[in-house]
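Thanks, everyone. Please bring up the model and keep it on screen while I talk.

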Amino acid sequence: MALANRTFTWKELSKLNQRHNAHVAVRGKVYDVSSFVERHPGGVDQIMLGAGRDVTQLFESYHSVDTYKVLEKYYVGALIDNELPVFPSPSKFYPTLKRRVQDHFKASNTDPKICYRMFLLYAIYLAAAIAFWLGTLLCYDNLPLVSLCSLGWGVFSALVALTAMHDASHFSVTHSPWVWKLLGSVVHDIYNGASLYVWTNQHILGHHLYTNIDGADPDVVTSTEPADVRRIKWTQKWLPFYFYQHIYIPILYCLLGIKTRLQDVYILISLKNGPIRVNPPTLSQVLFFSLGKCFHVTYRFVIPLLVMPWYTMLLTNLIAEAAVSYWLAFFFQGSHVVGEVEWPVPDSNNEMHMDWAEMQVATTQDYATDSWFWTLATGALNHQTTHHLFPGINQGHYAKITPIVKKTCEDFGLKYHCVSSTSEALGCHINHLKTLGRNKHAG
């Protein structure tokens with residue numbers, strides 16, 4: 001009984017992040033899951049991702065209510081303060097939506113993590129990316145053709161990341177942890193030259209749990225000294241050079257890929273990604289990281305230099321890098337970094353006064369949800385609200401789930417943000433940059 005009455009600060013909890021001593025917090029209760037780590041149906045890496053932190057929203061978005069019964073036997077005490085914003089108990093909206101989605105899959109006799117056409121799409125996108133890369137080697141002396149191949153290489157590399165890697169990082173392709181790890185690591189670590197481990201910490205533990213919350217969502221973290229290159233939040237100090245940010249920022253998005261690969265190294269060394277702590281990686285994660293960087297340099301630079309002049313190698317990489325960066329940046333920004341959605345703020349106690357699922361609806365904008373083309377071309381990012389509410393469901397099912405989400409939002413009086421076209425969504429982002437660049441204060 002004495003053990004169960006123990007209290008933990010978030011700093012004390014943060015140190016309990018090893019396999020032999022793994023603790024997590026859910027709804028203010030701390031659980032010692034050390035003995036459960038190896039038996040976790042979702043895999044060791046997945047449970048260790050949350051070790052040493054409050055995983056309430058992560059737990060509730062990936063598990064059913066019945067799973068709480070499993071947790072109770074591991075209860076050891078209470079968490080008495082918060083490192084990051086905490087949310088109130090779910091309203092009736094999310095349980096109702098979950099039930100409706102579950103009924104859909106039950107009625108259609110469909111597994112939410114299995115979508116066979118997505119396996120075909122993963123293969124097609126990866127094969128196309130490799131084919132275009134080979135094209136740059138075979139046609140290096142033909143400037144128009146090598147430029148076209150470089151463009152195709154970049155676009156399809158982005159599509160590989162938006163589908164295979166993204167699904168794997170959300171554990172939404174099959175029920176097998178080794179499939180998630182193998183697919184994600186091969187695509188992101190080895191092919192993309194970026195770190196799956198770093199991405200998972202930023203995307204799963206940061207962005208998805210604290211969407212658009214300043215100081216908690218690493219995707220909207222901005223620096224103050226020196227001033228950030230873009231102003232996307234009203235809390236940022238206005239500076240004269242922001243006046244033209246709607247012009248220069250879209251150009252700078254071509255550097256996203258390079259920034260990500262370099263930032264990976266810093267994050268893995270510092271074990272910090274903005275407001276998100278990163279648990280020490282395992283040996284296999286470090287090896288995948290190192291192997292990925294070496295392989296990326298080899299196939300992007302070393303092999304091309306064996307068959308083409310250095311300036312042609314540089315040109316093909318610049319075109320491909322710009323293509324992949326633009327493809328990823330614009331489709332992500334149009335979902336959240338827009339003026340049409342909310343930017344929630346916790347109170348002085350770091351508590352939110354909005355249900356987490358309702359916040360996902362409020363901070364997300366969908367676009368072109370009726371278009372099969374844009375669903376394929378964006379990795380279903382145009383169904384971003386569905387993705388944020390059901391990250392563990394394969395994106396191949398989103399088109400059928402979005403109408404359920406929209407109807408449930410309507411039933412509960414929640415504003416569902418959606419624009420009719422992709423160009424309109426991109427316009428929303430540009431307008432947001434322009435508004436914050438030309439106005440010091442909101443309104």
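Buried, here, means under 20% relative accessible area. Ala380 has 2% relative accessibility, so Ala380 counts as buried. Keep in mind throughout that this is a predicted model.

Stay on Ala380 for a moment. Its phi is near 65°, a positive value, and the residue is not glycine. Where does Ala380 sit? In the loop between helix H15 (372-377) and helix H16 (384-389).

Arg27 also has a positive phi without being glycine, near 50° in this case. Arg27 belongs to the loop between strand S3 (21-26) and strand S4 (29-32). Is Arg27 buried or partly exposed? Partly exposed, because its relative accessible area is 27% and the buried class stops under 20%.

One more backbone item. The peptide bond from Glu225 to Pro226 is cis, with omega near 0°. Pro226 lies in the loop that joins helix H9 (196-207) to helix H10 (245-252).

The largest nonpolar core has 78 residues. Which members touch the most others? Val33, Leu97, Val101, Leu389 and Phe390. Helix H7, residues 143-169, gives the most to this core: nine residues. Take Val101 and set aside residues up to four places away in sequence. Val101 then touches Phe390, Ile393, Ile401 and Ile404.

Next, Thr136. Find it in helix H6, residues 116-138. Thr136 is at 2% relative accessibility, so Thr136 counts as buried. Beyond its neighbours within four places in sequence, Thr136 is in contact with Val146, Cys149, Ser150, Trp153, Met308 and Thr316.

The cut-off is a pair of cysteine sulfur atoms within 2.5 Å. For Cys139, the nearest cysteine sulfur is that of Cys149, 5.0 Å away, and Cys139 is in no disulfide. Cys139 is buried, because its relative accessible area is 18% and the limit is under 20%. Cys428 is in no disulfide either. Its nearest cysteine sulfur, that of Cys418, is 10 Å away. At a relative accessible area of 8%, Cys428 is buried too.

Last, a helix pair. Look at H12, residues 283-307, and H13, residues 310-336. Their axes come within 9 Å and cross at roughly 145°. What is the handedness of the crossing of H12 and H13? Right-handed. Which residues meet there? From H12, they are Arg300, Phe301, Pro304 and Leu305. From H13, they are Trp310, Met313, Asn317, Ala320 and Glu321.

To recap the backbone: Ala380 and Arg27 have positive phi, and the bond from Glu225 to Pro226 is cis.

Technical notes: Residues are numbered from 1 along each chain as its sequence is written. This is a predicted model: local features need pLDDT of at least 70, side-chain atom pairs count only at pLDDT 80 or more; totals for chains, interfaces and linings use all residues. Side-chain values use heavy atoms; hydrogens and water are left out. A nonpolar core is a set of buried Ala, Val, Leu, Ile, Met, Phe, Trp, Tyr and Cys residues joined through side-chain atoms within 4.5 Å. Buried means under 20% relative accessible area, exposed over 50%, partly exposed in between (1.4 Å probe, protein chains only). Helices (H or I, at least four residues) and strands (E, at least two) are DSSP runs, numbered from the N terminus. Contact means heavy atoms within 4.5 Å. Axes are lines fitted to C-alpha atoms, for helices over the stretch in contact, and angles run from 0 to 180 degrees between N-to-C directions. A crossing is left-handed if the near helix is turned anticlockwise from the far one by less than a right angle, and right-handed if clockwise.
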